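I opened my notebook and the structure side by side. Here is what I looked up, entry by entry.

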Amino acid sequence: MGRDGRGRGAGAATAAALVCALGTSALPAGPVYAAPGEPEPASHGARGAGSGGGRLEKVRSDVDRFYRQAESATDAYNLAREKQTRQEKSILKIARAVVKAQKEMTGLRERAGALARAQYRGGGMPPEARLLLGDDPSGFLDGFTLARKGEKAAHGLMNRLEHTRAALDRYAESASREWERLDRSRAKKAAARAEITEKLARARRLESRLEAKERDRLRQLQEQRDRASQAKWLKTGILRDVGGRSSGLGRRAIDFATAQIGKSYVWGAVGPDGYDCSGLTQRAWASAGRGIPRTSQEQWRLLPKVGTARMRPGDLVIYFKDASHVGMYVGDGAIVHAPRPGRRITLAGAGSMPILGVVRPDAS
């Protein structure tokens, strides 16, 4: 899907938002990948916060929900954008085939016209009859052979005319179908973009109403929630089972992804200055020589799945029931990912968000 790598393509491939993680920011101070059973940091603002703490938690929940809804809509947007690009290419291919077929049709019609004119000048009499009535019996056989060749050529010409005409009809039908699909893709993309814009605006309005201290506390609440989810995941003993080593390709993908840490999340971007969640994983694996789908939902749908207990560095961890977020597992219970607008590419706990499953781009 001719991009310049900055998420600012032109025409049908115009970049738009791809919202990824929910409130996951740079690693908070202290041990994030804590061993199971390690106590969580005390929440100085949650205890005794009264109605203020409850209000902030409600804001956090609402903001989280709006970003999640925008995230789902963005995957739909990117998928519609990819389909639109493919359909535009298909229509262009059909148009080129039509031009070629029309040129061939013009040539065939000219030849057919010349044949008809020649027959008219001969009085419309079949070549075989003219030969039989000729006054050169010695040349009959040679003439007959030539006549048969001419007749065969004429039949071949008419067959090619009919074939080319049928091909043009098929092209017209195919182009009509592709235009209908293109219109549907454009409509889906526009609807998804409108939903993204609306949900992000609602999240930002909620955040903008908070004072600076409240915004900081809101971030702390999200980080605390992420750490609690990670600790719960680690307490299952998952890391006792997860111990596979990365493949050569996986190591190259990890090196690329971790080299992007600190860069901004940019809607719909695939680098080099910023990425969205699936843009980062796609480019990382492309750098290792393995092409994978553009969106997290397509990565989940099309790439080989592996059990979480068999996860190894380089695998992609897909999050949420709608597969709307993705990160790359780097080992030791951590992922590298592009969280969401306003955040930077960072390391996070692999269990800090609800895991849908794991896929392996280089599965044999």
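**Entry 1: a covered helix**

I began with helix H7, and I found it mostly covered, with 8 of its 11 residues buried. I keep in mind that this is a predicted model. The buried residues of H7 are Cys 277, Ser 278, Gly 279, Leu 280, Thr 281, Gln 282, Ala 284 and Trp 285.

Next I looked at the two ends. What caps the N-terminal end of H7? I found Asp 276 there, with a side-chain oxygen 3.4 Å from the backbone nitrogen of Ser 278. Just after H7, I noted that Gly 289 has a positive phi of about 95°.

**Entry 2: two helices that cross**

How does H7, residues 277–287, lie against helix H6, residues 248–259? I read that their axes come within 7 Å and cross at roughly 130°. Angles over 145 degrees would count as roughly antiparallel, and 65 to 115 as roughly perpendicular. H6 and H7 are therefore oblique to each other. I also wrote down that the crossing of H6 and H7 is right-handed.

Then I listed who makes the contact. From H6 come Leu 249, Gly 250, Arg 252, Ala 253, Phe 256 and Ala 257, and from H7 come Leu 280, Arg 283, Ala 284, Trp 285 and Ser 287. I sorted the residues of this contact by type: 7 are nonpolar, 2 polar and 2 charged.

One thing to remember when reading such lists: an α-helix has 3.6 residues a turn, so residues three or four places apart point the same way.

**Entry 3: Met 311 in its loop**

I moved on to Met 311, which sits in the loop between strand S3 (305–306) and strand S4 (316–319). Is Met 311 buried or exposed? Its relative accessible area is 0%, so Met 311 is buried.

Which residues surround it? I left aside the neighbours within four places in sequence and found Met 311 in contact with Trp 233, Val 242, Gly 243, Gly 244, Val 317, Tyr 329, Val 358 and Arg 360. I picked out one of these, Gly 243, to follow along the chain. Met 311 and Gly 243 are 68 residues apart in sequence, but their C-alpha atoms are 7.6 Å apart in space.

**Entry 4: Arg 360 and its partners**

Arg 360 was on the list for Met 311, and I followed it up. I found Arg 360 in the segment after strand S8 (355–359). Its relative accessibility is 7%, so Arg 360 counts as buried.

Which polar partners does the side chain of Arg 360 have? I noted a polar contact of 2.8 Å with the side chain of Asp 315. The side chain of Arg 360 also reaches the backbone oxygen of Arg 310 at 2.8 Å. Again leaving aside neighbours within four places in sequence, I listed the contacts of Arg 360 as Pro 304, Val 306, Arg 310, Met 311, Arg 312 and Asp 315. Lys 305 is 55 residues from Arg 360 in sequence, yet 6.2 Å from it C-alpha to C-alpha.

**Entry 5: a pair of histidines**

I found His 337 in strand S6, residues 334–337. With a relative accessible area of 0%, His 337 is buried. Which side chain does His 337 meet in a polar contact of 2.8 Å? I found that it is the side chain of His 325.

**Entry 6: backbone details**

Ala 323 has a phi of about 55° and lies in the loop between S4 and strand S5 (325–331). Asp 332 has a phi near 55° too, and I placed it in the loop between S5 and S6. Are they buried or exposed? Ala 323 counts as buried at 3% relative accessibility, whereas Asp 332 is exposed at 68%.

Pro 272 belongs to the loop between strand S1 (264–265) and strand S2 (274–275).

My last stop was Glu 198 in helix H3, residues 140–208. Glu 198 is partly exposed, with a relative accessible area of 33%.

Terms used. Residues numbered from 1 in each chain as written. Predicted model: local features only at pLDDT ≥ 70, side-chain atom pairs only at ≥ 80, totals over all residues. Heavy atoms only, no water. Axes fitted to C-alpha atoms, helices over the stretch in contact; angles between N-to-C directions. Helix = DSSP H or I, 4+ residues; strand = E, 2+ residues; numbered from the N terminus. Parallel < 35°, antiparallel > 145°, perpendicular 65-115°, else oblique. Left-handed = near helix turned anticlockwise from the far one by under 90°. Contact = heavy atoms within 4.5 Å. Nonpolar A, V, L, I, M, F, W, Y, C, P; charged D, E, K, R; others polar. Buried < 20%, exposed > 50% of the residue type's maximum accessible area, 1.4 Å probe, protein only. Polar contact = N/O pair within 3.5 Å; in protein donor to acceptor, adjacent residues only side chain to side chain.
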